[in-house]
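The notes below follow the order in which I looked them up.

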Amino acid sequence: METTLRGVGVSHGVAIGEVRHMGTAVLEPPAKQIPAEDAEREQARARQAVDAVAADLNARGNLAGGEAQAVLEAQAMMAQDPELMADVDRRITVGSTAERAVYDAFAAYRALLAGAGEYLAGRVADLDDVRNRIVARLLGVPMPGVPDSDEPYVLIARDLAPADTALLDPTLVLGFVTEEGGPTSHSAILARALGVPAVVALPGAGELAEGTVIAVDGSTGEIFVEPSAEKKAQLQAAAAQRKAALAASTGPGATSDGHKVPLLANVGGPADVPAAVAAGAEGVGLFRTEFLFLDDSKNAPSEAKQVEAYRQVLEAFPEGRVVVRVLDAGADKPLDFLTPADEPNPALGVRGLRTLLDHPDVLRTQLTALAKAAEGLPVYLEVMAPMVADRADAKAFADACRAAGLRAKFGAMVEIPSAALRARSILQEVEFLSLGTNDLAQYTFAADRQVGAVSRLQDPWQPALLDLVALSAEAASAEGKSCGVCGEAASDPLLACVLIGLGVTSLSMGAASIPYVRASLAKYTLAQCERAAAAARAADSADEARDAAQAVLSGE
C-alpha cells in the first residue's frame, strides 16, 4: 500500500528505486587490557591507522575536487588532531588496545563538541565517521560506506559523511534519504553539487526495509513508499516536463517581462569552474577561498600560491563578475595559526572578519594576492568580508582593501541580524551586500545548520528571515547599490522568484541549480514575483509562506 513521508527536499529531481542502507563499521571494540610491554606497538598501530585514514580522506578530496575537497581535508585534519592523538597514546599507556583507545578518545572529544554549542555539535557526524574509519581499519572490518550493488538504488542513511557523499556514483545512486541533516548541511550542499535528488531530516528513514521501492522527490521533500504505477508515471511525467523546461531555458537570467537577474555560481576553487561554465553561470557570486588554507592548518598559503589559484577562477569568466569572499576561518573551520583552541562557543566568538582583523598580515597577503591575480584581466572583481556585524567592521575591511592597493568593489556579507537591521549604515562604507542566508538563518533562530532536530528553523522560507532579506534589499536600493543572495536559498526555484520580489538584485548558487532557477524566473513577471514576496512575508510559518507564494504564482 502506498504511503507518503515528508522530510526536507534539498536537491531537485525525482528518483525511483529500491532501498539500500549505508553500511557501518563495528562501532564499539571490546574492552580488554594489554600488558605494558605491548603499549609501544599498539601506539604505532594507532598512528598508522590514523595516518592511513587521513591519507584516504585527502585522496577522496583530490578526486572529488571543489567544495568536497575542502570538507574532506578538514576531516583529515580532524583525524590527526594532536590533542586527540595524545589522548589515544595516554589511554594505550594505561592498558587499552589501540582500537579501544581510539574509540574512547573520540567519545570524549565527541562529548566536548556536543556540549560546546549547536554550531560545533553539527560536526559530530563528521567526527563519528572519522572514528569509525580508524576503528574499522584497526579491527580489519569493512569500512563504513555505500553498499556494493550492480543495480541502481536509493541510498538510506542516518546521516551521510562528506567522505561518502563526495564520491557517490550518480549512475548507481539514484538519490539519497537521511534521518539527520538540514537544508544547509554538508550532505545537502554536496548533493546539489552532484545533481543527485536528496531528502534529509526524515524521521524513521532507517526503518525503510532493504529492497523496498520508494520514490524520492528532492524538490518537495516527499517520499512515496511502494508507489503505485499511477504515482510513478505522474512523478516521471513531472520530471520530464521539468527537464524539457530546463533545456528550453538558456541565456542570462531574467523574468518573463525582461527584468534582468544575474545568475551566478558558488565555487570552492578552480575544480568547480567547469560545471559553473557549463551551466551558463554569468559569473561567480561566492568564491570560497578556504580550500587554499585547509591544505595546511598550521601555516597560511604563500602569496604566490594564492595568486595562481585565484587567477584560474578569474580567467574563466572574462568580462564576468567574480565575487571573492576572503577567508572565513573559525567555528567549524579552525586553523591552528589563526583560531583560538579554547573558545567556549566558537560560532559566537572570533570567526570570519574578526579573525582576519586580529591577524592583519593574513588579510593583507590575501588582498594583495587578489590584486595581483586580477592584473590585466577584464574581469569585474568584487571582494567581500564574512561575518560583518556593523559599520565599524565594514570600514575596517574597506580600509584594508584600499591599503592593499586592491582595485575592486568592496562588499559585506549579511549573515548576522545586526547587519540586516543596520544595512544602510554598513553601505556607507562598502559598495554591495551579499546575503549568506545559511548563517543568517542560524543566527536569527539560534538553530544550528547541521542539526536535523531544528531544521524547520533553518528553512529559508521562514517569514522572519524574509523580513531581514527585504530590509537589506531595501537599504541597498535606497543607496543605489546591489544586494545579492549567495546562500542556499537562491537554489530554490520558487524561492528565487520571491527573493527577486523582495528586491534582491542577483542570485548565486551551486552550478547544478542554475538551470532550474533560470527556467523558473522566466515564467513570471517582476510584478508577480513582488506579489508572491508580499504574500510570503504575510504568512506565519515557512510552510504557509511557501504555499502562499505558490498560490500567487500559479494564479490561484
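Entry 1: I note that the model is predicted. I looked up helix α22, which spans residues 526-537, and helix α23, which spans residues 542-553. Their axes come within 8 Å and cross at roughly 150 degrees. Because angles over 145 degrees count as roughly antiparallel, I recorded α22 as roughly antiparallel to α23.

**Entry 2: the residues in contact.** I then asked which residues of α22 meet α23. From α22 I listed Gln528, Cys529, Arg531, Ala532, Ala535 and Ala536. Their partners in α23 are Ala545, Ala548, Ala549, Val552 and Leu553. By class, I recorded nine nonpolar residues, one polar and one charged in this contact.

**Entry 3: strand β16.** I turned to strand β16, residues 506-509, and asked which of its residues point the same way. Ser506 and Ser508 point one way, whereas Leu507 and Met509 point the other way. I noted that all four residues of the strand are buried.

**Entry 4: the partners of β16.** I looked up how β16 pairs with strand β9, residues 263-267, and found the parallel sense, over three bridges. Here Leu264 stands opposite Ser508 of β16. With strand β15, residues 482-485, β16 pairs in the parallel sense over two bridges. In β16, Ser506 has Gly484 standing opposite.

How values were computed:
Residues are numbered from 1 along each chain as its sequence is written. This is a predicted model: local features need pLDDT of at least 70, side-chain atom pairs count only at pLDDT 80 or more; totals for chains, interfaces and linings use all residues. Side-chain values use heavy atoms; hydrogens and water are left out. Axes are lines fitted to C-alpha atoms, for helices over the stretch in contact, and angles run from 0 to 180 degrees between N-to-C directions. Angles under 35 degrees count as roughly parallel, over 145 as roughly antiparallel, 65 to 115 as roughly perpendicular and the rest as oblique. Contact means heavy atoms within 4.5 Å. Ala, Val, Leu, Ile, Met, Phe, Trp, Tyr, Cys and Pro count as nonpolar, Asp, Glu, Lys and Arg as charged, and the others, Gly among them, as polar. Buried means under 20% relative accessible area, exposed over 50%, partly exposed in between (1.4 Å probe, protein chains only). Two strands pair if DSSP finds at least two bridges between them.
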